[in-house]
Amino acid sequence: MNPDFKSRVVMPILIPIGIFLAMAAFIGTLALTFLYNTKSGALTLAAVIAGGILFTVSLATTQDRLETPRRAAVLVAAALPILVGVALSAGLIGDIADEERMVNAQPLLVVPDDAPVIAAENSTEFCLPTDGGCEPMDRWEVTPSAETEDLTFVFENREAGVGHNVVINDLAGSPDDPSPGPTNFATSTVVTGVVTDAFVGSDVTWAELPEEWYFFCAIHPNMNGIGVVAGAADGDA
């Protein structure tokens, strides 16, 4: 290849492409490193990487010529935090549970103010929050509005240090001997109290539930009851 052609035509094309690919690889590596880390770990890592980049830029712009020790310092400050972050996210060092990784975090769920609420104060029975506390219940009567047509509910786990969840299935047994049927409409994650969280069934509305349904805690099956939808959502009647 003609050297003049290479320097005037080929290199002006290859250099920008190479820079673009390098930047894409760098940004992609950082994105995956943050996504496969915990929230607190990603924030800490971002702060350390930003500090390393600022140190590198400051040192490079204030010196006409970097001596070997300073070159090593620049390389360590710029590369070490990223390498440590990649090793953490890849599981080469440390032990991050899959559910704690940001890539598996639950998306923000917008829950209407009048969404049905169910709570747990102990490992014996569910309760309904009241102004003065929480009233024990084994029958959950839900009256959804137009805004809460989807099977969305708020679960308050008030028992400190204990995990509970809410599972909604069809009712297989008789009212005298209720038991969960095979059809599952919604299963919340297990949350350890004290915490309030919101959950939504997959492609299910309250109106699509049978006349009576069964709700229970998968951790403590003795916490159970029969649920009914007391009224159709506005506009469905």
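Biologist: Is Cys 217 buried or exposed?

Modeller: A residue counts as buried under 20% relative accessible area, as exposed over 50%, and as partly exposed in between, with a 1.4 Å probe and protein chains only. Cys 217 has a relative accessible area of 0%, so Cys 217 is buried. Please note that this is a predicted model, in which local features need pLDDT of at least 70 and side-chain atom pairs count only at pLDDT 80 or more, while totals for chains, interfaces and linings use all residues. Residues are numbered from 1 along each chain as its sequence is written, and side-chain values use heavy atoms, with hydrogens and water left out.

Biologist: Which cysteines does a disulfide join?

Modeller: A disulfide is a covalent bond between the sulfur atoms of two cysteines. The criterion here is a pair of cysteine sulfur atoms within 2.5 Å. The structure holds 1 disulfide, and it joins Cys 127 to Cys 134, with an S to S distance of 2.0 Å. The torsion about the S-S bond of Cys 127 and Cys 134 is about 90°, so the disulfide is right-handed. Both Cys 127 and Cys 134 are buried.

Biologist: Where does α3 bend?

Modeller: Helices (H or I, at least four residues) and strands (E, at least two) are DSSP runs, numbered from the N terminus. The bend at a residue is the angle between axes fitted to the seven residues ending there and the seven starting there. Helix α3, residues 68–89, bends by about 35° at Ala 79, and Pro 81 follows within four residues. Among the buried residues of α3 are Val 74, Pro 81 and Ile 82.

Biologist: Which residues are joined by a cis peptide bond?

Modeller: Most residues other than glycine have a negative phi, and most peptide bonds are trans. Here a cis peptide bond joins Gly 193 and Val 194, with omega about 10°. Val 194 lies in the loop between β9 (191–192) and β10 (195–205).

Biologist: Which strands pair with β11?

Modeller: Two strands pair if DSSP finds at least two bridges between them. Strand β7 (residues 167–171) pairs with β11 in the antiparallel sense over 4 bridges, and Ile 168 has Phe 215 as its bridge partner. Strand β12 (residues 224–229) also runs antiparallel to β11, joined by 4 bridges, with Phe 216 opposite Asn 224.

Biologist: Which way do the residues of β11 point?

Modeller: Trp 213 and Phe 215 point one way, Tyr 214 and Phe 216 the other way, and all are buried.

Conventions
Expected span 1.5 Å × (residues − 1).
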